[in-house]
Amino acid sequence: LQDELLAAIGAADTTEALEAVRISALGKQGSVSALLKTMGAMSPDERQIQGPVINGLRETVSNALAAKKSELENDALNARLATEQLDMTLPPTAALNGSVHPVSQVMDELAEIFADMGFAVAEGPEIEDQWHNFTALNMPETHPARAMHDTFYMQAAGEEEARLLRTHTSPVQIRTMTSQEPPIRIIAPGRVYRSDSDATHTPMFHQIEGLVIDRGIHLGHLKWTLETFLKAFFERDELTIRLRPSYFPFTEPSAEVDVSFSMENGKRILGGTGGWMELLGSGMVHPKVISACGLDPDVYQGFAFGVGVDRLAMLKYGMDDLRAFFDGDLRWLKHYGFGA
Ligand code: PHE
């Protein structure tokens with residue numbers, strides 16, 4: 001049997017053929033396995049003689065199988081090496097460079113501009129509680145503005161109040177005022193969420209909040225800060241702004257800020273005297289908000305503003321569809337991204 005098996009192993013010229021020989025010898029129904037099974041029925045004397053012979057056979061066969069297997073694998077590798085070649089003279093494929101997403105670029109630009117004016121960057125969680133997102137901002141449970149924000153609520157955990165995806169960056173005002181002593185000068189860039197989706201609205205977008213709290217702060221500070229920031233961001237000295245009375249529950253008075261634009265070859269260019277375009281919301285922080293944060297509104301005043309970062313990017317770089325920001329189209333990203 002040994003000679004027969006060794007001959008079969010020697011003759012196997014593929015790994016499949018070799019595997020078939022292995023199964024015929026050492027598999028469950030194999031010839032060697034059958035011999036091993038007979039040992040159980042032998043008398044001790046018989047087993048003393050036959051045992052080593054049968055075990056030796058098994059070992060010889062499995063060694064031969066292993067040797068043949070590595071020989072076949074070696075042959076296969078050599079065959080590949082003989083046919084495959086590496087042409088070292090071919091030019092390499094260019095490595096793909098990443099780029100900084102336009103939103104991140106603009107956030108960096110904004111942080112830099114505001115840093116020059118003495119603002120630090122503050123952050124808050126994207127999963128927010130109702131108190132920070134609404135209540136402390138003078139939007140109590142029944143406030144209609146609460147319904148105006150198309151809010152994504154999380155499933156409530158037991159008795160706890162449902163948390164939500166923050167609908168604006170204004171809760172960072174609250175988090176800052178409750179954790180920092182005035183004077184406060186911060187900006188808070190980040191993601192915000194509203195259940196809204198069309199060409200000009202995506203369910204996730206970016207805002208940047210600004211907050212200044214100190215003694216003796218007034219509307220003039222707000223106007224100067226916004227004008228200085230917008231001129232620097234759009235790189236236009238001739239840009240003018242207009243504060244238009246508006247309403248937000250957390251500011252009083254509130255103002256919508258418009259920037260001037262003019263038409264050039266059918267395109268809107270910021271600055272000039274062609275018209276006004278609405279850009280951001282702002283106002284003097286409501287005394288109720290200041291006291292909700294544990295500060296005395298008779299001592300401290302301040303202003304706040306909130307603006308869409310994606311909208312700023314679109315205006316500065318001439319992009320026309322907000323949804324492109326979040327499609328991840330490499331051609332678009334390459335066009336508008338800074339190369340890494
Ligand atoms: N949070 C407001 C919004 O999302 C913007 C805003 C911020 C208005 C700060 C006034 C002051 O629309």
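Colleague: Ground rules before we start?

Modeller: This is a predicted model: local features need pLDDT of at least 70, side-chain atom pairs count only at pLDDT 80 or more, and totals for chains, interfaces and linings use all residues. Residues are numbered from 1 along each chain as its sequence is written, and side-chain values use heavy atoms, without hydrogens and water.

Colleague: How many residues surround the ligand, and which are the closest?

Modeller: The shell has 14 residues, counting any with a heavy atom within 4 Å of the ligand. His168, Ser170, Arg194, Gln207 and Gly306 are the closest.

Colleague: How do the shell residues divide into nonpolar, polar and charged?

Modeller: Four are nonpolar, eight polar and two charged. Here Ala, Val, Leu, Ile, Met, Phe, Trp, Tyr, Cys and Pro count as nonpolar, Asp, Glu, Lys and Arg as charged, and the others, Gly among them, as polar.

Colleague: What lies 3.0 Å from a nitrogen atom of the ligand?

Modeller: A polar side-chain atom of His168. The side chain of Ser170 also has an N or O atom 2.9 Å from a ligand nitrogen. Gln207 puts a polar side-chain atom 3.0 Å from a ligand oxygen. The cut-off for such pairs of N or O atoms is 3.5 Å.

Colleague: How much of the ligand does the protein bury?

Modeller: 91% of the 330 Å² that the ligand exposes when taken alone. Areas are Shrake-Rupley with a 1.4 Å probe.

Colleague: Which elements give two or more residues to the shell?

Modeller: Strand 6 (204-214), strand 10 (275-285) and strand 11 (301-308). Strand 11 gives the most, with three residues. Strands are DSSP E runs of at least two residues, helices H or I runs of at least four, numbered from the N terminus.

Colleague: Switching topic. What's the count of aromatic pairs?

Modeller: There are 10, with ring centres of Phe, Tyr and Trp (its six-membered ring) within 6.5 Å. Phe229 and Phe305 form a stacked one, 6.5 Å centre to centre with 20 degrees between the planes; stacked means under 30 degrees, edge-to-face over 60 and tilted the rest. Phe229 sits in helix 9 (residues 219-234) and Phe305 in strand 11, 76 residues apart.

Colleague: Now the backbone. Where is there a cis peptide bond?

Modeller: One joins Pro182 and Pro183, with omega about 5 degrees. Pro183 is in the loop between helix 8 (171-177) and strand 5 (184-193). Another joins Glu252 and Pro253, with omega about -5 degrees. Pro253 belongs to strand 8 (residues 251-264).

Colleague: Which residue other than glycine has a positive phi?

Modeller: Asn138 has one, near 65 degrees. Asn138 is in the loop between helix 6 (130-133) and helix 7 (144-148).

Technical notes:
A polar contact is a pair of N or O atoms within 3.5 Å; within protein, one must be able to donate a hydrogen and the other to accept it, and residues adjacent in sequence count only if both atoms are side-chain atoms.
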